[in-house]
Amino acid sequence: MKDHKKLIKEIFQNIFEIPGYDEAIVKRYFSTDYVQQVDGKTLHFSEFTKHIKAVKEAIASISIIFDTIAQDNDIIFTNHRVMAITKEGRSGEVQVIAEFHIQNGQINYCNELTRQISGDPRDGDLGSRH
């Protein structure tokens, strides 16, 4: 069985923790058939790329801590926290519980719930903003 836990951590580091947006990197890790269920919203690949761009436009820096990560064949579950500082200088923390499906080395599905732990209520939608 391939270790997809390492892949998930690599994806978060290479897409979210580094500055800027690179669609080639996103397409390397996410299927163009990607579907994400997040906080009651459905994002397809095009909306997901808009989500990443919106986060990159709002956030100056971001770090992700995986509290729990587990694998069952091609499904990965995470309980992770996202600490961010907006470009306006607001800081906040969000907890994310997520289920990722891996197919052909790419994520093709995600179901996640986010919960703002701290920060400005204006940033409470960063998990699904697009």
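## Ground rules

Buried means under 20% relative accessible area, exposed means over 50%, and partly exposed covers what lies in between, with a 1.4 Å probe and protein chains only. By that scale Asp 39, at 29% relative accessibility, counts as partly exposed.

This is a predicted model, where local features need pLDDT of at least 70 and side-chain atom pairs count only at pLDDT 80 or more, while totals for chains, interfaces and linings use all residues. Residues are numbered from 1 along each chain as its sequence is written, and side-chain values use heavy atoms, with hydrogens and water left out.

## The nonpolar core

Let's start inside. A nonpolar core is a set of buried Ala, Val, Leu, Ile, Met, Phe, Trp, Tyr and Cys residues joined through side-chain atoms within 4.5 Å. The largest one here holds 30 residues, and Ile 15, Phe 30, Phe 100 and Ile 107 touch the most other members. Two or more residues each come from helices H1 (4–17), H2 (23–29) and H3 (45–58), and from strands E1 (30–38), E3 (59–72), E4 (75–86), E5 (91–103) and E6 (106–118). H1 gives the largest share, six residues. Helices (H or I, at least four residues) and strands (E, at least two) are DSSP runs, numbered from the N terminus. In soluble globular proteins, nonpolar side chains tend to be buried together.

Not counting residues up to four places away in sequence, Phe 30 touches Ile 11, Ile 15, Phe 45, Phe 48, Gln 106 and Ile 107, where contact means heavy atoms within 4.5 Å. Elsewhere in strand E1 you will find Val 35. With neighbours within four places set aside, the contacts of Val 35 are Thr 42, Leu 43, His 44, Asn 108, Tyr 109 and Cys 110. Val 35 and Phe 48 are 13 residues apart along the chain, and their C-alpha atoms are separated by 8.2 Å.

## The cavity

On a 1 Å grid over the protein atoms alone, a cavity is a set of points where a 1.4 Å probe fits but cannot get out, and lining residues have an atom within 4 Å of a point. Grid points are joined across faces, edges and corners, and a volume is the space filled by probe spheres set on the points. By this rule there is one cavity of 30 Å³ or more, and the largest cavity holds about 440 Å³ of space.

Which residues lie nearest the centre of the largest cavity? They are Ile 62, Val 82, Val 96, Leu 126 and Gly 127, out of 32 lining residues. H1, E1, H3, E3, E4, E5 and E6 each supply at least two residues of that lining. By class, the lining has 18 nonpolar, ten polar and four charged residues. Here Ala, Val, Leu, Ile, Met, Phe, Trp, Tyr, Cys and Pro count as nonpolar, Asp, Glu, Lys and Arg as charged, and the others, Gly among them, as polar.

## Two loops with positive phi

Asp 39 sits in the loop between E1 and strand E2 (41–44). The phi of Asp 39 is near 50 degrees, a positive value in a residue other than glycine. Asn 73, in the loop between E3 and E4, also has a positive phi, near 55 degrees, and is likewise not glycine.

The side chain of Asp 39 makes a polar contact with the side chain of Thr 114 at 2.4 Å. A polar contact is a pair of N or O atoms within 3.5 Å; within protein, one must be able to donate a hydrogen and the other to accept it, and residues adjacent in sequence count only if both atoms are side-chain atoms. Thr 114 belongs to strand E6 and is buried because its relative accessible area is 19%. Beyond four places in sequence, Thr 114 is in contact with Val 38, Asp 39, Val 94, Gln 95, Val 96 and Gly 127.

Gln 71 is found in strand E3. A polar atom of the Gln 71 side chain lies 2.6 Å from the backbone oxygen of Lys 2, and one lies 2.9 Å from the backbone nitrogen of His 4. Not counting residues up to four places away, Gln 71 touches Met 1, Lys 2, Asp 3, His 4, Lys 5 and Ile 76.

Is Lys 56, a residue with a relative accessible area of 13%, buried or exposed? Lys 56, in helix H3, is buried, because 13% falls under the 20% limit. Leaving aside neighbours within four places, Lys 56 is in contact with Ile 15, Phe 16, Ile 18, Pro 19, Gly 20 and Lys 87. Val 55, also in helix H3, counts as buried at 9% relative accessibility.

Methods. 1 Å grid on protein atoms, 1.4 Å probe; cavity = no way out; pocket = protein on both sides within 12 Å on 5 of 7 lines; lining within 4 Å.
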